[in-house]
Amino acid sequence: MLFLRSFMILFLSCITIKINLCFPSIPSSLKTLSIDGHFNFEEVHHAAKDFGNRYSFLPLAVLHPKSVSDIATTVKHIWQMGPRSELTVTARGHGHSLQGQAQSHRGVVINMESLQGPKMQVHIGNFPYVDVSGGELWINILRESLKHGLAPKSWTDYLHLTVGGTLSNAGISGQAFRHGPQISNVHQLEVVTGKGEVVNCSEKQNSDLFYSVLGGLGQFGIITRARISLEPAPEKVKWIRVLYTDFATFSRDQEKLISGESTFDYIEGFVIINRTGLLNKWRSSFNPQDPVQASQFKSDGRTLFCLELAKYFNPEETAVVNQEIKSSLSQLNHIPSTLFLSEVPYTEFLDRVHISEIKLRSKGLWEVPHPWLNLLIPRSKIQSFAQEVFGNILTDTSNGPILIYPVNKSKWDNRTSVVIPEEDVFYLVAILSSAVPSSTGSDGLDNILIQNKRILDFCQIARLGVKQYLPHYLTQEEWQAHFGPHWEVFVQRKSTYDPLAILAPGQRIFQKAIAYSR
C-alpha cells in the first residue's frame, strides 16, 4: 500500500529521472518481438514531422503494424519493461497534429495507416453503421459507405484524417449543431490500453474505457477499430454564403438556425477582415443571386461576417428544397446583395478542403508552420470576444481563415473526456493561420504566435470561460486548469488504463516516471 501511494505521488507529480539506460539495447529487444508487421529503426524522420511544422522529436523506432496484435504486443512489451525503461508509444495517423502531439521522443511511433485489420464492413438496416480500422481515413469511409447509399452523420472540414485521430479529440464541423461531434456518433471501439490489453468497449460494455478514450487525447488507449453511425446519403448539396457587417446580427441568425428544426444540414461561418475583391473571388465557385448588386458591393477595409450554409438533397426534391431555402433565408438579416449560391455533388462539398490542399501544395504553401488556435467560447461571452479580437487584436485575415459557428451542448456526451464550456450553446472559433517561413512580418511565425498569446491573455483576463479545442499546454498546472473539475477523473482514468504513462507523451499531460537502482 505504501509503495502504491509512493508510486502514485511520483507518477502524478510527473517527476522524471532522465538517465541513459543503455539505449542501444532497446531496439534489439524490439527486434525480438514476434509481429506480423515490422519496425523501422533507420527511416524515422517522417514520424518527427506533423502538419503544425513547429516541433520535431525523433523516435527510436516506427512500427508498421499489419494487425492489432502487433500494436498490443509492442505496448505490452514496453509495459512489462516497467518504469526502468524510458520508452513511450504514440499512435500516428495522417500526421495532422499541430504541436507534436503524435510524436514520441526516443520512443516508438505506430504508423496507424499501416494497420491492416478486417476489411471495412458497411451494415445496412434501420440503424446502419460501418466497422472501420482506427487508421482508416474518413475520405475512404465516405467512398465506401456511399456505395451503399449511406454516409457518416458528423464530419470534420478536412477528410484526410484518421478515425483514431479525430475520435481522440472530438471531430467538429458544420453538422455538429444537429448530430454532435464525431465522438457522439460512435457505437463501439476496440482499444489497446497502456498495458497492452485489447479491449472491446461501448456504452454497455467496458463503458468507462469507452468514454475515456473518446476525446481522451490518446491518453488511455490506442483506437484500433470503431463502429461509426451512418445515415442515408444525399446526392447533391445547395451551398450558400451570405454576408453581414454587424456581428450581433450575424451571431443571432446563426443561433436562430441551430435551434429547433433547421432547414439546413450544415451551418458554419467565418470572419473577413480587410480583404479586397472578396465577392469577385467567390464567383469561381458560387453564383450571385443578383449579379448587378453583387458587383457593386465593396469589401475593402471592412470587417465582415460570412454565414455559410448547406442543404442536402436529391435531384427529385429540387423544387421543394429551393422553396425551403428561400423561406429560411427570408427570415435572416444578411446583406441582400451578398447572397451567393452553388450546387455541387455531396462528395465534392465534404472534400472541399482537399481541393484547396492540392492548390497550396502546388505552390509549396502546404508544408509550412501552422500555428492554429482553436477555442470553444460560451455563448454569453462571444460578443465580448468578437469585439476585442475582431475589433482590436486581428487587423486582417490574410494569414488564413477564421471560422466561427455555434453548436448545441445537448449533442455532446458529458461522459467523454473532451472539455467544453458549461453553457447550452457555445461557439467554435478556429483561427487557422499559416506562417511564411523566414518572414519577420505579420505573416511570420513569431508575430502570429504573439497574436495568439494576446488572444489567450485577453480570454483569461476577461474570464470568458474559454476552453481550447485541440489543446496545447506545457505544464501540468495548465492542464489541470483546462480540465477544471474533470481533472481528478482524468487522472484516475490514466492510472487505471495507462499507469506508467506510456501512451501519447507528445500531449505533455503526463510524463513517464522512470525508476532506477543504484
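## Pocket, cavities, cores and sheet in a predicted model

Four elements each supply at least two residues of the lining of the second largest pocket: strand E16 (373–378), helix H15 (445–461), strand E19 (467–468) and helix H16 (476–483). The structure is a predicted model. With 7 residues, H15 gives the most to this lining. The second largest pocket has a volume of about 900 Å³. Its lining comprises 30 residues, of which Leu 456, Gln 468, His 472, Tyr 473 and Glu 478 are the closest to the centre. By class, 16 of the lining residues are nonpolar, 8 are polar and 6 are charged.

A search of the whole structure finds 4 cavities of 30 Å³ or more. The largest cavity has a volume of about 90 Å³; among the 13 residues that line it, Leu 217, Val 418, Val 419, Pro 471 and His 482 are the closest to its centre. The second largest cavity is lined by Leu 394, Asp 396, Thr 397, Asn 399, Gly 400, Ile 402, Ile 431, Ser 433 and Gln 451. The table sets out volume and lining class for the spaces described.

| Space | Volume | Lining by class |
|---|---|---|
| Second largest pocket | about 900 Å³ | 16 nonpolar, 8 polar, 6 charged residues |
| Largest cavity | about 90 Å³ | 8 nonpolar, 5 polar, no charged residues |
| Second largest cavity | about 60 Å³ | 3 nonpolar, 5 polar, 1 charged residues |

Strands E16 and E19, which contribute to the pocket lining, also belong to an open sheet of 9 strands with antiparallel pairing. The strand order is E13-E15-E11-E14-E12-E17-E18-E16-E19. Strand E13 (287–288) and E19 are the edge strands, each pairing on one side only. Within the sheet, strand E11 (residues 236–244) and strand E15 (residues 340–345) run antiparallel and are joined by 6 bridges. Lys 238 stands opposite Glu 343 in E15.

The nonpolar interior is considered last. In soluble globular proteins, nonpolar side chains tend to be buried together. The largest nonpolar core holds 85 residues, and those touching the most other members are Trp 138, Leu 167, Leu 189, Ile 228, Leu 243, Tyr 346 and Phe 349. Apart from this core lies another, of 41 residues, including Ile 267, Val 271, Phe 385 and Ile 404. Leu 189, a member of the largest core, touches Leu 167, Val 199, Asn 200, Cys 201, Phe 210, Val 213, Leu 214, Ile 223, Arg 225 and Ala 226, when residues up to four places away in sequence are not counted.

Technical notes. Residues are numbered from 1 along each chain as its sequence is written. This is a predicted model: local features need pLDDT of at least 70, side-chain atom pairs count only at pLDDT 80 or more; totals for chains, interfaces and linings use all residues. Side-chain values use heavy atoms; hydrogens and water are left out. A nonpolar core is a set of buried Ala, Val, Leu, Ile, Met, Phe, Trp, Tyr and Cys residues joined through side-chain atoms within 4.5 Å. Buried means under 20% relative accessible area, exposed over 50%, partly exposed in between (1.4 Å probe, protein chains only). Contact means heavy atoms within 4.5 Å. On a 1 Å grid over the protein atoms alone, a cavity is a set of points where a 1.4 Å probe fits but cannot get out, and a pocket is an open set with protein on both sides within 12 Å along at least five of seven lines; lining residues have an atom within 4 Å of a point. Grid points are joined across faces, edges and corners, and a volume is the space filled by probe spheres set on the points. Ala, Val, Leu, Ile, Met, Phe, Trp, Tyr, Cys and Pro count as nonpolar, Asp, Glu, Lys and Arg as charged, and the others, Gly among them, as polar. Two strands pair if DSSP finds at least two bridges between them.
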